[in-house]
Amino acid sequence: MTVTLAMDGTSIVSGTLEGAKLRDVLALDAAAPGLAEPHHWTLTAEPAVPGLGYSLTLESWLPWATQTTHEGLELALPAYVTATVGKPVDIAVTAVAPSGIALHIQQALPAGVEVDKPGLEAQVAAGTLARFVTADGTLDLYVPALEPGKTFTLTYRAIPTLAGTLHSGRR
């Protein structure tokens, strides 16, 4: 049996199930350009099989084009962080902003992550931060106005307190 997935009448991908594998799951994976517009999808089996079950999942993304920075704020954070429960992990924040303007940076934190408040209090005492506010799921950093040509850099510690896998009742 050959299974074919088509978009707007054009075959995107096909696969074959035969012999003892007729009852197995056939996963088809292919690129389908232009997913932002509406499309007509068809799934066919040759020869036709009554009771054939299927599931279709679409993933789409747009590339983020690099733009020239003229004015405003440029903020750099880690793309991802690997952490272990109970072990502090360093988070680096870098910002470039117009001089003479104080910054307010609000960073979202995952559930179960706490920040190292004594470390941030030391940054306030050193004058790197004007103040900070922590709440469930957020860290607000208030940065004094920067001198011309200066970059704000701060590394603070976060401590994961929870771990696990999220399961839902949906199948």
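1. Rings of Phe, Tyr and Trp (its six-membered ring) pair if their centres lie within 6.5 Å, with planes under 30 degrees apart called stacked, over 60 edge-to-face and the rest tilted. By that test, this structure holds zero aromatic pairs. A ring does take part in another contact: Arg-131 lies over the face of Tyr-142, at 3.8 Å from the ring centre. For that label, NZ of Lys or CZ of Arg must be within 6 Å of the ring centre and within 35 degrees of the ring normal.

2. A word on the ground rules: this is a predicted model, where local features need pLDDT of at least 70 and side-chain atom pairs count only at pLDDT 80 or more, while totals for chains, interfaces and linings use all residues. Residues are numbered from 1 along each chain as its sequence is written, and side-chain values use heavy atoms, with hydrogens and water left out.

3. Now the largest pocket. A pocket here is an open set of points on a 1 Å grid over the protein atoms alone, where a 1.4 Å probe fits, with protein on both sides within 12 Å along at least five of seven lines; its lining residues have an atom within 4 Å of a point. The largest one contains about 1000 Å³ of space, a volume being the space filled by probe spheres set on the points, which are joined across faces, edges and corners. Its lining comprises 35 residues, and Leu-5, Leu-28, Ser-55, Leu-56 and Thr-57 lie nearest the centre. Strands E1 (2-7), E2 (10-16) and E3 (41-46) are the elements that give two or more residues to this lining, and E3 has the largest share, with three. Strands (E, at least two residues) and helices (H or I, at least four) are DSSP runs, numbered from the N terminus.

4. What is the make-up of the lining of the largest pocket by residue class? The lining divides into 26 nonpolar, six polar and three charged residues. Nonpolar covers Ala, Val, Leu, Ile, Met, Phe, Trp, Tyr, Cys and Pro, charged covers Asp, Glu, Lys and Arg, and the others, Gly among them, count as polar.

5. The second largest pocket has a volume of about 270 Å³. It is lined by 17 residues, with Val-81, Ile-91, Pro-110, Val-113 and Ala-158 nearest its centre. Strands E5 (89-96), E6 (103-108) and E10 (152-160) each supply at least two lining residues, and E10 gives the most, with three. The class count is 15 nonpolar, two polar and no charged residues.

6. E10 is also worth a look for its pairing (two strands pair if DSSP finds at least two bridges between them). Seven bridges hold E5 and E10 in an antiparallel pair, with Val-93 partnered by Leu-154. Strand E7 (residues 113-115) is joined to E10 by three bridges, again antiparallel, and there Val-115 has Ala-158 as its partner. Ala-158 belongs to the covered face of E10, along with Phe-152, Leu-154, Tyr-156 and Pro-160, whereas Thr-153, Thr-155, Arg-157 and Ile-159 make up the uncovered one.

7. E9 (residues 138-143) has two partners to follow. E6 runs antiparallel to E9 over six bridges, and Leu-103 stands opposite Val-143. E8 (residues 131-135) pairs with E9 in the antiparallel sense over five bridges, with Val-133 opposite Asp-140. E8 and E9 form a hairpin with two residues between them, and Gly-137 in the turn has a positive phi of about 85 degrees.

8. Most residues other than glycine have a negative phi, and most peptide bonds are trans. Asp-8, in the loop between E1 and E2, has a positive phi of about 55 degrees although it is not a glycine. The peptide bond from Glu-46 to Pro-47 is cis, with omega near -5 degrees; Pro-47 is found in the loop between E3 and strand E4 (74-76).

9. Finally, accessibility: buried means under 20% relative accessible area, exposed over 50%, and partly exposed in between (1.4 Å probe, protein chains only). Ala-20, in the loop between E2 and E3, counts as exposed because its relative accessibility is 80%. Asp-8 counts as partly exposed, at 43%. Ala-122, in helix H1 (residues 117-126), is partly exposed at 45%. Ala-122 and Leu-28 are 94 residues apart in sequence and 54 Å apart in space, C-alpha to C-alpha.
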